[in-house]
Amino acid sequence: METHSISLSKFSPLSRPINRRRLGRVNSFKFKPFFFSPVIIRHKSLFLPLNSPNLGTRCVANHDHHHHYDHHNHHDHEHDHEPDHDHDHPHAHHHHHDSGKLNGPQRAVIRFAKAIRWMDLANYLREHLQLCCCATALFIAAAACPYLLPKPVVKPLQNSLLFVAFPLVGVSAALDAITDIAGGNVNIHVLMALAAFASVFMGNALEGGLLLAMFNLAHIAEEFFTSRSMVDVKELKENYPDSALVLNLDDDNLPNVSDLSYQSIPVHDVEVGSYILVGVGEAVPVDCEVFQGSATITIEHLTGEIKPLEAKVGDRIPGGARNLDGRIIVKVTKTWKESTLSRIVQLTEEAQLNKPKLQRWLDEFGERYSKVVVVLSVSIAVLGPFLFKWPFISTAVCRGSIYRALGLMVAASPCALAVAPLAYATAVSSCARKGILLKGGQVLDALASCHTVAFDKTGTLTTGGLMFKAIEPIYGHLAGNKKTNFTSCCIPSCEVEALAVAAAMEKGTTHPIGRAVVDHSIGKDLPSVCVKSFEYFPGRGLIATLNSAESGTSGVKMLKASLGSVEFITSLCKSEDESRKIRTAVNASSYGSDFVHAALSVNEKVTLIHLEDRPRPGVLDVISELKDEAKLRVMMLTGDHKSSAWRVANAVGINEVYCSLKPEDKLNHVKRTSRDMGGGLIMVGEGINDAPALAAATVGIVLAHRASATATAVADVLLLQDNISGVPFSIAKARQTTSLVKQNVALALTCIILASLPSVLGFLPLWLTVLLHEGGTLLVCLNSIRALNDPSWSWGQDLRHLISKLKSKLALLRHNTTSSPIQTAPL
């Protein structure tokens, strides 16, 4: 491992090997968001490729059920991909014959194809889009010959053009069809190849060639549109740093900033507590906190937040953030697997694997449907001459039953149905652009079915950054030499001791109240307190036994303390009378009931800690949109006391509040509301005490930056931006997506019927049948791409927005016309 040493004052260039391709991107300060797919369609996508049975235009009759994923192994996958595994090709409508997934007959076909170089030729033809376009142009020229050239020249020229053009599309099509047939699969590729070569044998080579050429071009277009809707995690991984510059520490475990020495360590091996040097233009490898220096960073490619952020000492930075200027030393707070960027990659990959209910149904339906199409086609070919007096082979007067059967096979293929759920993947991509991660397309269905949304208060509706206001002794303290229940303590050390005990009990906590207490204690001259034993009651409080050093002596005093809500403290009282007196003292507090407060009992002396919490900016608009536009029932579920809960509720516009709830109370309330309302419920929270309610809700939404690991694990939606503006967007996107999927299914079925009936009746030639079939599939793809647009709540809103845009453009045009200088004619 190579070690380097630098002086911070000289700001010398880092002697770190840098990927030049990545550096080129960084120097321009134009970071491409990972969710925009490149125009090039990759052979091996990290998501489901289009020729996958899960989300593809390949319509398989006999599905191979060996493509299940092991989700547990997937979680531990560290995404290490070698560069030479990345094969870029202009299009990918062909099959990928993976020898590990082929049966015996298929392997024999592949060996034979390789032996005679058929495989090499097919791959070459597939990989060059211009050859497919050239073949199409030759077929069109052959079709135009009878209308442009003298009759004696037509036939020889047509045959010459077909002799050149047909192999360009037929070689790869024949190999794919034979391989699929050998594997027992009957899919759209097989049907098209059969139809094309049957046309050749029936004397219609031009029609068969046009069929294959249009089929290939249509699938290239479909996959191009589809690739734009898929989240390209590989693009994000390519920008991810492979290593980190970890500083060597002195004995005091702090970096020597006057003379820094560092080692380049793989990012997967970076440990929590390490110090990393991040230079200009580099990515922060893992979640961390700024230890020294300041810089401007961008997280646009992670959350969609366009505005660069200023990172100062003490600020937390997510893994993957880009350093635009300045050199900073950061302290690692999470390992690579737990960091933001790694979680985005993992969750987005999983989202593509979790198929919605409709897509699973279409997979099952497509298998049976394809078999029915084949049976019907064979029946028409065999029974047509007997029932309808059609000839077997086409004549100049009437199309034959075999020709009609081939038309039905092509027209009724379920390609358009197979891509109908594409809108789900497109919506997942659209949400990712806004910094919203969905754990699968099924979350969109669940969101669209919900009629109620419940919010936690602290950290969700409010900033969560509680500010310490005061500490007030209220019960059991001494006034002079007498014990009193109401007056403030005359011994200042009681308040100091209470703050020291509370800070010791809350050290390392993620709860907003605990963080506020600990932050307030920093820099204060407090007695030394050591926690000996500890017991936590989620959503209520904690109990601890502590040792405190007595001032002026070398002795140690034993303390028994409890910290939490007033209800929790009073529940631990020995008598009902003592409990009643404490509640009376709380109500008589000189600070009133507007603040958030926690109670601390130390050796039966009760102190009230007052804190201030403020609503998040923009929450009022979010709640208003959910109530007025989404027509949802909005409520607050909080463990805070009544006065504090209603103060926030009134400020943000919530009229239904349930307060003083323990975690089990929130859970029961979520279950009861879902049952009574007859619709789904969305729970929005972030703390560990919200985890049961998040798990029980139809959809759980968490703020990823603040959420506990438990809440993140059970949630269905993660909001990467530190606000709840993504909640209405997610709901509107879900409703838009379900509507698009229904439209897709209707479009697909309509196109199948409109193409199938005329084909069977003999009104359509094969090439026109293919055009209608592929046109329907393209329409479904294009309709799905609409899910990339920002959603609206109604058609009326769309219309008003369109009219507003037209008015603004007309006004701008009128302004430009009137403001242009008038040219005067010369005298």
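These legends go with close-up views of a predicted model. As this is a prediction, local features need pLDDT of at least 70 and side-chain atom pairs count only at pLDDT 80 or more, while totals for chains, interfaces and linings use all residues. Numbering starts from 1 along each chain as its sequence is written, and side-chain values use heavy atoms, with hydrogens and water left out.

**View 1. A mixed, open sheet of seven strands.** Follow the strands across and you get the order S13-S27-S26-S25-S14-S23-S24. At the edges sit S13 (436-438) and S24 (657-658), each pairing on one side only. Strands here are DSSP E runs of at least two residues, helices are H or I runs of at least four, and both are numbered from the N terminus. Two strands pair if DSSP finds at least two bridges between them.

**View 2. S14 alongside S25.** Strand S14 (residues 450-455) and strand S25 (residues 680-685) run parallel and are joined by five bridges. Look for phenylalanine 455, whose bridge partner in S25 is valine 684. Helix H24 (residues 663-677) packs on the sheet, touching S14, S23 (633-637), S24 and S25; a contact is heavy atoms within 4.5 Å. The direction of H24 makes about 165° with that of S23, where axes are lines fitted to C-alpha atoms (for helices, over the stretch in contact) and angles run from 0 to 180 degrees between N-to-C directions.

**View 3. A nonpolar surface patch.** Val378, Val382, Leu383, Phe386, Leu387, Phe388, Phe392 and Ile393 make up this patch of about 800 Å². Patch residues have over 30% relative accessible area and no salt bridge; like charges are joined within 9 Å, and nonpolar side chains (Val, Leu, Ile, Met, Phe, Trp, Tyr) within 5 Å. A salt bridge puts a side-chain nitrogen of Lys or Arg within 4 Å of a carboxyl oxygen of Asp or Glu. Areas come from the Shrake-Rupley method with a 1.4 Å probe, and for residues only the protein chains shown count as cover. Phenylalanine 392 lies in the loop between H12 (357-388) and H13 (401-411), and counts as partly exposed because its relative accessibility is 40%. The cut-offs are under 20% for buried and over 50% for exposed, with partly exposed in between.

**View 4. Helix H13, mostly tucked away.** This helix is largely enclosed by the rest of the structure, because 10 of its 11 residues are buried. Among them are Tyr403, Arg404, Leu406 and Met409.

**View 5. Positive phi at lysine 631 and serine 660.** Lysine 631 isn't a glycine, yet its phi is about 55°. Serine 660 has a phi near 55° and is found in the loop between S24 and H24.

Note on methods
Buried means under 20% relative accessible area, exposed over 50%, partly exposed in between (1.4 Å probe, protein chains only).
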